Amino acid sequence: MKRVLIATEKPFAPSALSKISEVIKQAGYEVNLLEKYQSKAELLDAVKTTDALIVRSDKVDRDVLDAAENLKIVVRAGAGYDNVDTTYAKEKAVVVMNTPGQNSNAVAELAIGLAIYGIREFFSGKSGGELRGRTLGLHGYGYVARNVHRIARGFGMKVIVYTRYSKAQATSEGLEVTGSLEELYALSDVVSIHVPAKGEHLKSVSMDILKHLKEDAILVNTARNEVINEDDLCAFMEQRTDVKYLSDIAPDGADAFADKFTGRCYFTPKKIGAQTQEANTNAGVAAAEQIAGFFENGDETFRVNR
Ligand code: 3PG
């Protein structure tokens, strides 16, 4: 009997977990569970005999791939797979997949929530602002950004976007695509970042881009830390005392940020963008179904390491 390990340092909601387990059992496989583990050693031990692995932001590095001697497939139940060493997995003939779009509404709702928290002065009682009538700039236009666009329209915001890869999608939805990232930052009251932690996006939010931000701009990051040039952001916020930064991923220097920029920054204590029952269910069930599809029919539709 094939074994499927669900290894989640940040567990799925119990209701999601029972649905995910049901799909795995229906396929005739054994479900193994490792939740809230404290050390890499626990993960290395748990993967030893598994045929398939479902993870979230859990690090699947060389050590994990070497320890998992029977492993054929890893599914990252979520969008960003920067936590998986896809190249080494390919070398070891391990298929890596993600579940694109499945948790995107949850992350989008958090992005809007952070924008409201920022514009309302962190619910401090100080007079804030409203989103209606303001311009939202989407940095990237993947599944999360598309949901942010849908929600922001309901708030009466003007939405613009900078994207290299989804221009046709954006224009077909009536969005104005700016000619450059600099232009997006210059025109937006709120910028919401939605690019993956890879390639040209790494540290792409640098001083060269930030310096174009409008007065009183709010920068919201529900993507990844790695897309921010943290030193530049820190230097920029020292110069520009009007700008706010809210993120679902605390920067490496979170304490220094909190000390220096009191009332201008906020970081969730743990990455919670996709932490809803709905997103857990959608992403986790999709992961389980993709594993069954792979083992039973050789389906590699969502493979990311071809
Ligand atoms: C993703 O890439 O899907 C999100 O960042 C969610 O990550 P999580 O599963 O660790 O919450």
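User: Which helix gives the largest share of the lining of the largest pocket?
Analyst: The largest share comes from α6, with four residues. Helices are DSSP runs of H or I with at least four residues, strands are runs of E with at least two, and both are numbered from the N terminus. Lining residues have an atom within 4 Å of a pocket point; on a 1 Å grid over the protein atoms alone, a pocket is an open set of points where a 1.4 Å probe fits, with protein on both sides within 12 Å along at least five of seven lines, whereas a cavity is a set from which the probe cannot get out.

User: Before we go on, what kind of model is this, and how are residues numbered?
Analyst: This is a predicted model, in which local features need pLDDT of at least 70 and side-chain atom pairs count only at pLDDT 80 or more, while totals for chains, interfaces and linings use all residues. Residues are numbered from 1 along each chain as its sequence is written, and side-chain values use heavy atoms, with hydrogens and water left out.

User: Back to the largest pocket. What is its volume, and which residues lie nearest its centre?
Analyst: The largest pocket has a volume of about 1200 Å³, where volume is the space filled by probe spheres set on grid points joined across faces, edges and corners. Its lining has 50 residues, and Ala-79, Gly-80, His-194, Val-195 and Pro-196 lie nearest the centre. Helices α5 (104-119), α6 (143-154) and α12 each supply at least two lining residues.

User: How does that lining divide by residue type?
Analyst: The lining of the largest pocket divides into 21 nonpolar, 18 polar and 11 charged residues. Ala, Val, Leu, Ile, Met, Phe, Trp, Tyr, Cys and Pro count as nonpolar, Asp, Glu, Lys and Arg as charged, and the others, Gly among them, as polar.

User: And the second largest pocket, what is its volume?
Analyst: The second largest pocket has a volume of about 500 Å³. It is lined by 21 residues, and the closest to its centre are Glu-9, Ser-57, Asp-58, Lys-59 and Asn-83. That lining consists of four nonpolar, four polar and 13 charged residues.

User: Which domains is the protein divided into?
Analyst: There are two entries in the division: domain 1 (3-102 + 275-297) and domain 2 (104-267). The bounds come from an automatic or database domain assignment. The C-alpha centres of domain 1 and domain 2 lie 30 Å apart. Nine residues of domain 1 and six residues of domain 2 take part in the contact, where contact means heavy atoms within 4.5 Å.

User: Which domains contribute to the two linings?
Analyst: The lining of the largest pocket draws at least three residues from each of domain 1 and domain 2. The lining of the second largest pocket likewise draws at least three from each of domain 1 and domain 2.

User: Now Ser-188: buried or exposed?
Analyst: Ser-188 counts as buried because its relative accessibility is 0%. With a 1.4 Å probe and protein chains only, buried means under 20% relative accessible area, exposed over 50%, and partly exposed in between. Ser-188 is located in the loop between α8 (181-187) and β9 (190-193).

User: What lies around the side chain of Ser-188?
Analyst: A polar atom of the Ser-188 side chain lies 2.6 Å from the backbone oxygen of Leu-184, and a polar atom of that side chain lies 3.4 Å from the backbone nitrogen of Gly-137. Not counting residues up to four places away in sequence, Ser-188 touches Thr-135, Leu-136, Gly-137, Ile-160, Lys-214 and Ala-217.

User: Where is Ala-288, and what does it touch?
Analyst: Ala-288 lies in helix α12 (residues 277-297) and is buried, with a relative accessible area of 3%. Leaving aside neighbours within four places in sequence, Ala-288 is in contact with Ile-20, Val-23, Ile-24 and Ile-54. The C-alpha atoms of Ala-288 and Val-31 are separated by 10 Å, although 257 residues apart along the chain.

User: One more topic: what about phi for Phe-123 and Lys-203?
Analyst: Phe-123 has a positive phi near 55° and is a residue other than glycine. Lys-203, not a glycine either, has a positive phi of about 55°. Phe-123 lies in the loop between α5 and β6 (135-139), and Lys-203 in the loop between β9 and α9 (207-210). Phe-123 counts as exposed at 58% relative accessibility, and Lys-203 counts as exposed at 53%.

How values were computed
Polar contact = N/O pair within 3.5 Å; in protein donor to acceptor, adjacent residues only side chain to side chain.
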